[in-house]
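Please read the sequence and the model below together, keeping both in view while working through the points that follow them.

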Amino acid sequence: MDKSLVGVDLGGTQVRALVCNSEGEVLRRAATLTLAHEGYEAVLRRIHETIVEAVGPLPWTEIAGIGVGAPGPLDPYAGVVVHAPNLPGWDRVPLRQIIADRFCLPVALGNDANLAALGEHRFGAGRGVADMVYMTISTGIGGGIISGGELFLGRGGYAGEIGHQTILVGGPLCGCGNHGCLEALAAGPAIGRMAREAAEEGRGQALLDLAEGDVSRITARVVSQAVALGDPTAEEIIRRAGTYIGIGLANLANILNPELFVLGGGVTHVGPLLFDTIRETIQKAAMVASRDVRVERAALGDDVVLLGAVALIGRATDRNVYGNV
Ligand SMILES: [Zn+2]
């Protein structure tokens, strides 16, 4: 029987771990709060404890390795978390080596959005597809590129930042310091901002009603609820966000010629209006030869990074390469 694999997702809110077989079937899982404000060593201890709890009574000799997803930017070749805005004190932490030393097992590290791409490719909507791009649309826009069946990492391992392509010159300021990035135009906070601006201009009564008359409480979630009620202003905002995302994906279609775009993250729950707008925009903006790209919803839900971490360490142990995945 194949050995089991451990996947870990180090998030700003939770540390989660699961144990899978090589087919991605979950055998056991564990989770705890990250409590990042308690500092780097406390979080490291919780990572170790969560792995131990997830493995539980299983014999350690039956564990082939541990895959770890952490927020970027990180260096997947060296296994180092370079800087994590949501994790104070995490600057140039050699996380792969630390976990490998603690458990005496092979460990591979990847950034969470890249691993989500790998997870959907191995176990989710992208199974059997050689060339695909995964995009997550939530509080930010991240992604990962699978090219020829392999995760495309780039020279330093920082590739796949598809949310930081400039879509609108002179557009809103992005968290990365640039103006007009896709993330600054179409992620959840941008959708909330567009909705608040509309409400302040006296449009979108449904938005205001759902927020109990308080403009500051209008978020992307409220926009989604208003779309479900058929509110035309909310629909217009989602079409605008969908157009920006469609332009971003049309750029990627032209550059990479993928077979499939897989879209995940909270904003995608707004439903068909977003997906229809994205597909229509790609049909208009991409070159004819690349327009046959499919756009599908992610399949793995909350486990996507964990399963991507499992896929990462699964590949690494198969090939006996760690840190150069
Ligand atoms: Zn940016």
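The structure is a predicted model, in which local features need pLDDT of at least 70 and side-chain atom pairs count only at pLDDT 80 or more, while totals for chains, interfaces and linings use all residues. Residues are numbered from 1 along each chain as its sequence is written, and side-chain values use heavy atoms, with hydrogens and water left out. The chain is divided into domain 1 (4-118 + 302-319) and domain 2 (129-299), with bounds that come from an automatic or database domain assignment.

**Domains and their interface**

- The centres of domain 1 and domain 2, taken over C-alpha atoms, are separated by 28 Å.
- Contact, meaning heavy atoms within 4.5 Å, links 14 residues of domain 1 with 16 residues of domain 2.
- About 1200 Å² is buried between domain 1 and domain 2, and carbon and sulfur atoms give 54% of this area; buried area is the accessible area (1.4 Å probe) that two parts lose on being put together, summed over both.
- On the side of domain 1, the residues that lose the most area to domain 2 are Tyr77, Asn114 and Ala117, which together account for 43% of what that side buries.

**Zinc site**

- The zinc ion has as its protein donors His164 (ND1), Cys174 (SG), Cys176 (SG) and Cys181 (SG), at 2.0 to 2.3 Å from it; donors are N, O and S atoms within 2.8 Å of the metal (3.2 Å for Na, K and Ca), and since water is not among the atoms, sites may look incomplete.
- Along the chain, the donors of the zinc ion follow the spacing H-x9-C-x1-C-x4-C.
- The arrangement is tetrahedral because the four donor atoms around the zinc ion subtend angles of 104 to 120°; four donors count as tetrahedral if all angles lie between 85 and 135 degrees.
- Ideal angles for four tetrahedral donors at a metal are 109.5 degrees.
- Cys174 is buried at a relative accessible area of 6%, whereas Cys176 is partly exposed at 46% relative accessibility; buried means under 20% relative accessible area, exposed over 50%, and partly exposed in between (1.4 Å probe, protein chains only).

- Six of the six residues of strand 9 (residues 132-137) are buried; strands (E, at least two residues) and helices (H or I, at least four) are DSSP runs, numbered from the N terminus.
- From strand 9, Met132, Tyr134 and Thr136 point one way, while Val133, Met135 and Ile137 point the other way, and all are buried.
- Strand 9 runs antiparallel to strand 10 (residues 141-147), to which six bridges join it; two strands pair if DSSP finds at least two bridges between them.
- A hairpin of three residues joins strand 9 to strand 10, and the bridge partner of Met132 in strand 10 is Ile146.
- Strand 9 also pairs with strand 12 (residues 260-264) in the parallel sense over five bridges, with Val133 opposite Phe261 in strand 12.

- An open sheet of three strands, with antiparallel pairing, has the order 5-6-7.
- Its edge strands, strand 5 (74-75) and strand 7 (91-93), each pair on one side only.
- Strand 6 (residues 80-83) pairs with strand 7 in the antiparallel sense over two bridges, and His83 has Asp91 in strand 7 as its bridge partner.

**Loop residue Thr34**

- Thr34 lies in the loop between strand 3 (26-33) and helix 1 (40-55), where Thr34 is buried at a relative accessible area of 0%.
- Leaving aside neighbours within four places in sequence, the residues in contact with Thr34 include Leu10, Thr13, Val43, Arg46 and Leu87.

How values were computed
Tetrahedral: all angles 85-135°; square planar, octahedral: opposite > 155°, others 65-115°.
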